[in-house]
Amino acid sequence: MTCPVTIRIQEDDFDIAREIEVLTKSRTDIGAVVSFSGICRADDDSAKISALTLEHYPGMAEEEIRRHVDEATSRWPLNGVTVIHRVGRFMPGQNIVLVLTASQHRQAAFQAAEFLMDYLKTSAPFWKKEESATGTGWVEAHARDDEAAARWTKS
């Protein structure tokens with residue numbers, strides 16, 4: 001069986017339990033599902049965030065995510081992948097991103113989910129603007145995210 005893949009970029013919220021159900025329904029070949037959900041937080045280091053706006057490059061974002069999902073499915077024995085990334089304006093506590101990876105065994109599902117999130121944090125064509133009491137500004141990349149993504153680079 002081929003690995004079913006769902007990639008969506010949307011403004012609407014997602015239901016994590018529903019997405020897991022869709023991924024696993026009638027599947028007896030899945031022994032592990034790893035989920036990562038990213039949530040808008042209220043602070044970033046010392047600044048209090050009142051809102052976060054996420055923008056993307058339509059078409060390109062989906063293609064780039066698909067390219068990395070394809071790499072994940074070639075590296076690990078996956079039985080399903082779901083990536084949902086929201087765009088728009090978010091308040092602290094709201095869902096932003098969901099990555100689900102399914103496999104017969106947990107190790108592949110964990111590693112593939114980490115790989116995909118490291119990619120989404122460093123290279124996916126999304127831009128974040130934070131709003132706080134001190135003003136608004138575009139979020140710069142963090143060295144810690146680049147370091148996390150570097151571990152997946154093939155030597």
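**Cysteines, strands and surface**

Mentor: A search of the whole structure finds zero disulfides. Please keep in mind that this is a predicted model.

Trainee: What is a disulfide, in general terms?
Mentor: It is a covalent bond between the sulfur atoms of two cysteines. In this structure the search for such pairs comes back with zero.

Trainee: Let us turn to the strands. How do side chains sit along a regular strand?
Mentor: They alternate between the two faces of the sheet. Here, strand 4 (residues 47–56) pairs with strand 8 (residues 126–132) in the antiparallel sense.

Trainee: How many bridges link strand 4 and strand 8?
Mentor: The pairing runs over seven bridges. In it, His56 stands opposite Phe126 of strand 8.

Trainee: What is the relation between strand 4 and strand 6?
Mentor: Strand 4 and strand 6 run antiparallel and are joined by three bridges. Leu52 has Phe90 in strand 6 as its bridge partner.

Trainee: Where does Gly88 lie, and which residues does it touch?
Mentor: Gly88 belongs to strand 6 (residues 88–90). Apart from neighbours within four places in sequence, Gly88 contacts Leu52, Thr53 and Leu54. Gly88 and Leu52 are 36 residues apart along the chain, yet their C-alpha atoms are separated by 8.2 Å. With 23% relative accessible area, Gly88 is partly exposed.

Trainee: Now a helix, please. Where is His68, and is it buried or exposed?
Mentor: His68 is in helix 2 (residues 60–75). This histidine counts as buried because its relative accessible area is 11%, and the limit for buried is under 20%.

Trainee: Which residues are in contact with His68, beyond its sequence neighbours?
Mentor: Leaving out those within four places in sequence, the contacts of His68 are Phe115, Leu116 and Tyr119.

Trainee: Finally, the surface. Which residues form a nonpolar patch there?
Mentor: Tyr57, Met60, Trp127 and Trp138 do, with about 460 Å² of accessible area together. Trp138 comes from strand 9 (residues 135–138).

Trainee: Why does Trp138 count as partly exposed?
Mentor: Because its relative accessibility is 47%, and a residue counts as exposed at over 50%.

Note on methods: Residues numbered from 1 in each chain as written. Predicted model: local features only at pLDDT ≥ 70, side-chain atom pairs only at ≥ 80, totals over all residues. Heavy atoms only, no water. Disulfide = S-S within 2.5 Å. Patch = residues over 30% accessible without salt bridge, like charges linked within 9 Å, V, L, I, M, F, W, Y side chains within 5 Å. Areas by Shrake-Rupley, 256 points an atom, 1.4 Å probe, with all protein chains shown as cover. Salt bridge = Lys/Arg side-chain N within 4 Å of Asp/Glu carboxyl O. Helix = DSSP H or I, 4+ residues; strand = E, 2+ residues; numbered from the N terminus. Buried < 20%, exposed > 50% of the residue type's maximum accessible area, 1.4 Å probe, protein only. Contact = heavy atoms within 4.5 Å. Pairing = 2+ DSSP bridges.
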